[in-house]
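Welcome! Here is a short tour for anyone meeting this structure for the first time.

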Amino acid sequence: MTNRTLCLVALFIPFVSVGAQYPTSPPLPAPVKPAQFPPFQEATLPNGVRLVVVENHKAPVVSISLSMAAGGIYDPTGKEGLASIVAGLLTKGGGARGADQISEAIESVGGSLFAGANLDFTTVRANALTSSAPLAFELVGDAVARPTFPDKELELLRTQTLSGLQLELSDPAAIASATFSRAVYGTGPYAKRAKPTTVQTITRDDVVAFHKARLRPSGALLVVAGDITLAKATELATRALTGWTGAPTGTVAMTPPAAHANQEILLVHRPGSVQSNIYTGGPTFLPTDAQSYPLRIASRILGGGPQSRLFLIVREQKSYAYDAHTETARPKGVGTFRAVTQVRTEVTDSALAEVLAQVRRIQSEPVPAKELDDAKNSLVGQFPLTIQTADDVAQAVTDAKLLGLPATYLQTYRTRLAAVTGPEVMAAAKRVMGPAVIVVVGDATKTYEKLKKIAPVTLLTVDGTPMSPSELEVKASAIAVDPAKLRLGVDSFDVVLTQGGQSRSVGYQRSELAKRGNDFVYTEAVSIPLAGLQQNSTITFAPSLALKEIKQNGSVQGQTLTTSLTFSGNRVKGSAMAPQAGGPKTTAVDTTFAPGTIDGSQLVAILHGMDLADGFKMTVNAFDSGSGTTETNTVRVTGRETATVPAGTFEAYRVEVAGKQTVNILVTVAAPHRIVKIMPPGAPLEIRLVK
């Protein structure tokens, strides 16, 4: 130790008391203060746009948000999805720029441009450095006042939208959410959802008409935040929106949520699901309701993070699920509350019972003081983090203004939350948590009987069609296919991947159905290098469709796989390989199978010969050559749509093949039937007919 260190220690010692006492608990928190926002400056532009400027010169950044009452609730019947299509096209051509020129212009200055539609509003947002603010305003102006809606971009966006909708059909969470919305809102505007059939019908004329009717300046809200003055924002906005005039036309009658006097379970049958998605909840109230503050606290306590009751009990203590949480939606009209969890199929009823018990608990038992304080402190403390940037501020101000919240809402948000009491939390929970609506998406054959003990159950298909319990007892049908109607020949397909708004070819599929003597031989070659997939299959079957032989070889992610099976009478023998971590798994197959069983790939080959029609439905036993097991598949026509693929434009049946996974296939209405598109589940892929 140096002399200097010794001297410092000596100087310090007299100030240390041997019996010194140190705090054993943290100091009390300081009183919550209102959030500090720069004053909002407001003006009305000559064309009727309401301008709000939140001036802050700490950083050289400007954020612009322009919103119009042009959301999904204004979609015409049969054109659901139109508002989203229009919003998606606003930044794909405007003024003298095309999509590429718009992207290049905003990206070259380090900015961003976005347009989107929710149920109530369409919003265009832009962010840029202060020096590039004129360009940002110009691009926003071009988007809303001078969009060009190129045909090419419409078709690309249509394809992307259909791919997204296809993915939703195989996503149990998306199915549960859509079912929940229909149950809460009935036939009201907030229950509207785009469907493949409605998106297919949207034309450029529809897009132009919607823009002309709803995207008008009168009543639109323009919020500008950051390094800009009211005078400058007014100047730039007026210049950018030159020539944009008029008021929106057409109104929507908002209906109250559907009445649910008694608790009921809507059980959506998704065959083969190994887990169940559970949504419980119901409608809340208008965004201006004073109980929105205690509801936020109640939601936080029940399912708002890793310290919430649902997370700690349903996940940690009971081990029913990986996650359990709550969600609140706050549109301009009546919103929703729901508790959400995803559980193993075998504990579906137990998990639901526990969720309901926790809902009843927060409705009937006083919240302990510490739990209440922790929830309030968490929400109060998080709020400043949500308004750190100019873009954050612009979005927060936009939301508050569009929802009709008080002028001081953002400034007093933290103090209003901090003032919530325990009885207010209970009152809010009693009012809205219900649960008035319970939705379960999963394999109903394994959950129906157990769930009936909790509440009455209504069975639904994935698309919302009512089912009877007897339909859960699936019985395979005799497959009626006239061999003379089977289409012989070669079909070539392009495998297309859609990501980040762009579509590209990533592989091919070639299939052929031929005659060899009296037998039919179906061959299929698939190559998707991006996925590491190469596979060749040969299936031989008799005119009666009875299987004779299956041979497959190829590779998946570097694993070489081969399958060789022979069928005789009602017995199948051979070996099958399937990929798995650590190397392929080989299964010795020597088992019986029911008469009339076909192979899953064979089903694709004989679709051509089925007597497809509106309302067609058939249940078949399908052999899975990869695992050597038989599963039940349901084949049904769910609608019609116009399909445009490289081989041409066709009027097609949408055929759903549902088993452990659901595949949608478009088959021409005109005979002889021909497959024009295959949409595999769970991936943004489409297999499109080329020739």
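## A cis bond in a loop

Let us begin with Pro-672, which is found in the loop between strand E27 (662-668) and strand E28 (675-679). Strands (E, at least two residues) and helices (H or I, at least four) are DSSP runs, numbered from the N terminus. The peptide bond leading from Ala-671 to Pro-672 is cis, with omega near -5 degrees.

This is a predicted model, in which local features need pLDDT of at least 70 and side-chain atom pairs count only at pLDDT 80 or more, while totals for chains, interfaces and linings use all residues. Residues are numbered from 1 along each chain as its sequence is written, and side-chain values use heavy atoms, with hydrogens and water left out.

## Two residues with positive phi

Most residues other than glycine have a negative phi, and most peptide bonds are trans. Against that background, have a look at Ser-319, whose phi is positive at about 55 degrees although it is not a glycine. Ser-319 lies in the loop between helix H11 (309-317) and strand E11 (321-329). Its relative accessibility is 44%, so Ser-319 counts as partly exposed; buried means under 20% relative accessible area, exposed over 50%, and partly exposed in between (1.4 Å probe, protein chains only).

Leu-545 is not a glycine either, and its phi is positive, near 80 degrees. The loop that holds Leu-545 runs between strand E18 (533-541) and strand E19 (547-556). Leu-545 has a relative accessible area of 6%, so this residue is buried.

## Helix H12

Helix H12 covers residues 348-364, 17 residues in total. From first C-alpha to last, H12 reaches 24 Å, close to the 24 Å expected at 1.5 Å a residue; the expected span is 1.5 Å times one less than the number of residues.

Which residues of H12 are buried? They are Thr-348, Ala-351, Leu-352, Glu-354, Val-355, Leu-356, Gln-358, Val-359, Ile-362 and Gln-363. An α-helix has 3.6 residues a turn, so residues three or four places apart point the same way.

## The whole protein

Stepping back, the protein has 18 helices and 29 strands. Its C-alpha atoms fill a box of roughly 100 × 70 × 70 Å, taken along the principal axes. Of its 691 residues, 48% count as buried.

Among contacts (heavy atoms within 4.5 Å) between residues at least 6 apart in sequence, 66% join residues at least 24 apart.
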